Every structure is written in C-alpha cells, then in structure tokens.
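Work through the exercises below with the sequence and the 3D view side by side. Try each task before reading its solution.

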Amino acid sequence: MMKQGSGLPVYPGVAIGTAVVYHKASGELPTEWDSPEQELSKFQAAVDEAKAQLSDLFEQAKKTLGEEQAAIMEVQVLMLDDLDYLESVQAEIEGGASAAAAALECGESLAQMFASLDDEYMKARSADIRDVSRRVSGILCGGAEFQLPPGKFILVAEDLAPSETIQLPRERIMAFVTQKGSSSSHTAILARTLNIPSIVQADISLEDVPGCTVFALDGFTGQWYIDPDQKVLDELQEKKSAADAKRAALEAYRGKKSVTKTGKHVLLCANIGSPADAKIAMQGDAEGVGLMRSEFLYLGREDMPSEEELFTAYREVAEIMQGRPIVIRTLDIGADKQVDYMNMPQEENPALGLRGLRLCLEREELFRTQLRAIYRASAYGSLHMMFPMVASVWELRRAKKLCSEIRRELLAQGYPLGEVPIGVMIETPAAALIAADLALEADFFSVGTNDLTQYTLAVDRQNAGLGEFYDPYHPAVMTLLSHVAQCANAAGIWAGICGELGSDPKLTESFIQMGYTELSMAPGRILELRKIVCESEV
Ligand code: PEP
Ligand code: MG
C-alpha cells in the first residue's frame, strides 16, 4: 500500500531507491549501577573517551568534508567542557542516578532549552548537544554500532547530527529525509554540498520505512512516498529523467568560455565562505571566486582568527583556484552576523550601525591582520580585495592608505607579494549614486544586490514578514544597477554582481546590456548561467 506525505524541500532533485532508517548507536540504560563516586569516575572516563572519538572524527572530517564542516566536531568537543552540563550531570549522579542516565537526561534538557531559543543558529545546535550526550551515554552503555546496507540508499532519520553524517559513506547516499531539521540545519547544508535531493520536517513515521520496497522523494515539491503506485512512480521517473537530462545537457558547457553570440565575455564566478567551498567552486566549473565572505572564518569560534590562520585559508583558496581570480571581501561583521568575542556595542539599528568597512576603520588592528593575511597570500594566486558597506569616498581612501602602508611593511619584511586590485562593494544607495567618484579610485566594483535592495527600499532583508515588499526587481534598484555599470565602463574598470540577483537567469541579458562583465553565484548555478550567456544574442 502506498503511503505518502510531505516535508520542507531543502535541495531539488528526485531520488528513487532503497530507504534505510538511521538509528542512533545507543545501548539500553543499565538497571543496576555503582556508588555515586564510582559512577562519577565512569562518567569522567566516558567524557574523555567521547572527546578522543570526536577528535578522531574531526581529523577524518577535515580530509573528507573540509574545515568548515569539520569545525562542528570541534564545537562538540567544546560542549564536553561545558560546566553547566558537567555540573548538572554530577548533581544527578550525586542524587543517585546512573552515569549513563544522567548524561542522557541532562543532555536532553539542555537540548530542549536550546531548541526553545529564538536564534536559528542556537536552535540548530540543540541537535549537537543531543548528539554529544548520546555519545557519552552510549559509551557508558556499550551501545551497538549502526549497520549500513551495501550499495546506494536513501537515508531516513529523526534528525542527523554532524558527527553522524560524517561517519556515513557520502558517495552512497542518494537523498536525506529527516523528521526534524530546518533549511539552515546541518542536514540541509550537507545536502547542498553533496548535491543530493533532501527533505526536512517530513511527516513520516520511521516504523513504516523498514518494510518498504521502494522509497521515493521529490526534492522539488517536498513529497515523499513509501511503495509508490505505478502512476506516481512513472511520474517521478519522468521528472527524474528530465532533471538528469537537464543536468547532463549542461555538462556540454563545462570548460567552455562564457561568451554571448555577439562576442561579449562574462566571467561566471562562485561565492564561497571557506577553502572547502573553493573545491566545490572548482567542481562547479567556476571561472573564479567573485565573493569570498571572509566573515565565515570568524564565525562559529571562540576567539579571533590569527593572521597566520587567515593567511593559510587564503593561500589554500588561491592554490585550489589555480590562478583564477579570487575576490576576498574584508570582514563584514555586524548586523545579522555577530560574534561574541568582538564585544560589539549594543545598537538600536545594527543594519545601520558599526558594520562592514566602518568597523574595520574603527578597529585598525582587526583590519591590519586581515590585510596582512590577504597580501601575504597574494603570492600564491590572483587575489583581489574588496571592501563591504562603503558609503563615501573618504572611507575608500582611508582603507587604501592602510593597504599601501601594509604593502610597504610586508615588502620591507621580505615577503613576496602579488598585485592586489582593490574593489568596492556597491551595496548602499550612496555608493551607487557616487559610483563615478568611487570609480576614479577603485579597480573594480561588485554590486551586493541583497543589501542594495534592503537599503534602497528600506526593507529589512532578514524580515520574512515583509515578503513582497523586499523586491530586488524594483525599478529603483534597476536604475542604480544601470548607473553603476555606466560609471564603471566610463572609468574603464570592470563591474560585477555578487548578490543573489547575479544568478537570476531572467536578468542575465539585462545585466550584460547594462555593461556588467562578471556575475558571482552559488557554485551549482554556473553551468546553467553559462548556457544562458552562450545562447544570448546581446
Ligand atoms: C549582498 O549584500 O548582496 C552581498 C553579496 O553580501 P551579503 O549577502 O554577504 O551581505
Ligand atoms: Mg552585503
């Protein structure tokens, strides 16, 4: 009998195959246990063992998934040093509980507390807490390992924690279906990285899965099916064939130049946040990196990255991109992207506050570290740097002055340096309107349409409740875009677009006509856009 339901689609595509339910590897809780002192020392030993396991996984993950995803393992190790957790487990054990039950229950209540927070990132971390405490409890119970079937499979789970997904054979997973999770959860992030269809928040009962012969999911609509009937199966097969054929047809554009029928070249680049993303950019056949959001090197950690860490990350990106141009945006922290260790002031209107280049100009040490790292890495590839949230010419001049000082300083210290063109992100209406002046002092422009739309229309880009008011197609935004390209062309510098609008296929021709010569986007979109450029008559 066919069963069906739906969930939130987080990555498109169709998968049809065998489904496996992922079981957490936790054993039965003990029915007898020792004195509190003995249970406490068992707990401490299990915590140490869990840390050792996670460190091994971290090393493994760095090799297979890259630094960014592996960092989640590190977060879990840190959770095992969390005093609140350790003290509450200790109190439970002293109150007479077994170490295994205390580890599990305290983890569960901490996880529920995180799940109830407003912050999406914190909510998503509740899965990490649950994962870590189950690991400790599992060690105490001697839990059995989860067994995988041979061949390819669709993974169905309540939720998937990073430490679990990391242990899975990535190349054999056709799709994910989870009961929990969100579009920013780890499963969703991994699905995008692995390029596989996935659904979260599925209304599926895990007991129904093991008895099923064929499992299918539609990552376009979010529908899932257990033993679909022939009609549904035929429809899904057709959809899958069409999607596969579309993807395969795009392969014809791999390795090609992005040139219109009239000979206009457009550089199609990728937006990235880490060296691991640079590898994905190369797999997507990106012609360069049009935006490296360097703030990702600052997020999700306890302290400021050092010059050496930044340099290593940039050099890695440069080496991976093999001479293709790379635009590194200097730190754009503030507003929606906060880090505790920076002790940023509380602001009434953070989107209009101390963010982007403003913060860097106010905190020169913070800026110097980044600039030194970028210049040092410039010896390893074609690096460009770009300043976010510029509104005035004097800001650009101040930043460039510091760049010259640092260049001189590094040369005097004997570092080999490459040329590093300096660009301006055009994402405030002010910058767009004075583009002619900025163009005299900048080597290139890249338009951040996400913020440009927000500031032009005075509509918060984070506020989902504003829906259709956030309209990047608004004529005011289009007028600014056109003006920016004109000013760049008149001054003889190049202009690109790195906001979401850059990958909008409906606008590609208009952008080329306006005079844009570079578009930067999620790596998975590049071949699709190249087809549009190559077929274009403009
Ligand atoms: C933008 O504002 O369009 C942009 C590309 O930067 P971010 O989304 O990181 O603010
Ligand atoms: Mg922006």
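**Exercise 1.** Which residues coordinate the magnesium ion (ligand 2)?

*Solution.* First, the ground rules. The model is predicted: local features need pLDDT of at least 70, side-chain atom pairs count only at pLDDT 80 or more, and totals for chains, interfaces and linings use all residues. Residues are numbered from 1 along each chain as its sequence is written, chains are lettered from A and ligands numbered from 1 in the order in which they are written, and side-chain values use heavy atoms, with hydrogens and water left out.

Step 1: look for donors, meaning N, O and S atoms within 2.8 Å of the metal (3.2 Å for Na, K and Ca); water is not among the atoms, so sites may look incomplete. Glu-427 (OE) and Asp-451 (OD) coordinate the ion, at 2.0 to 2.2 Å.

Step 2: Glu-427 sits in the loop between strand 14 (422-426) and helix 14 (429-433), and Asp-451 in helix 16, so the pair ties together parts 24 residues apart in sequence.

Step 3: check burial (buried is under 20% relative accessible area, exposed over 50%, partly exposed in between; 1.4 Å probe, protein chains only). Glu-427 is buried at 1%. Asp-451 is buried at 4%.

**Exercise 2.** Describe the surroundings of ligand 1.

*Solution.* Step 1: collect the shell, where a residue is near if one of its heavy atoms lies within 4 Å. The shell holds 13 residues, and the closest are Arg-293, Arg-329, Gly-448, Asn-450 and Arg-461.

Step 1: sort them by class. Three are nonpolar (Ala, Val, Leu, Ile, Met, Phe, Trp, Tyr, Cys, Pro), six charged (Asp, Glu, Lys, Arg) and four polar (the others, Gly among them).

Step 2: list polar contacts (pairs of N or O atoms within 3.5 Å). An N or O atom in the side chain of Asp-451 lies 3.0 Å from a ligand 1 oxygen. For a backbone N or O atom of Thr-449, the distance to an oxygen of ligand 1 is 3.1 Å.

Step 3: find the cover. Alone, ligand 1 exposes 290 Å² (Shrake-Rupley method, 1.4 Å probe). The protein buries 99% of that.

Step 4: trace the shell to its elements. Strand 11 (289-293) and helix 16 (449-457) each give two or more residues. Helix 16 supplies the largest share, three residues.

**Exercise 3.** Is Asn-343 buried or exposed?

*Solution.* Asn-343 is exposed, with a relative accessible area of 63%. Its phi is near 45°, a positive value in a residue other than glycine.

Terms used. Polar contact = N/O pair within 3.5 Å; in protein donor to acceptor, adjacent residues only side chain to side chain. Helix = DSSP H or I, 4+ residues; strand = E, 2+ residues; numbered from the N terminus.
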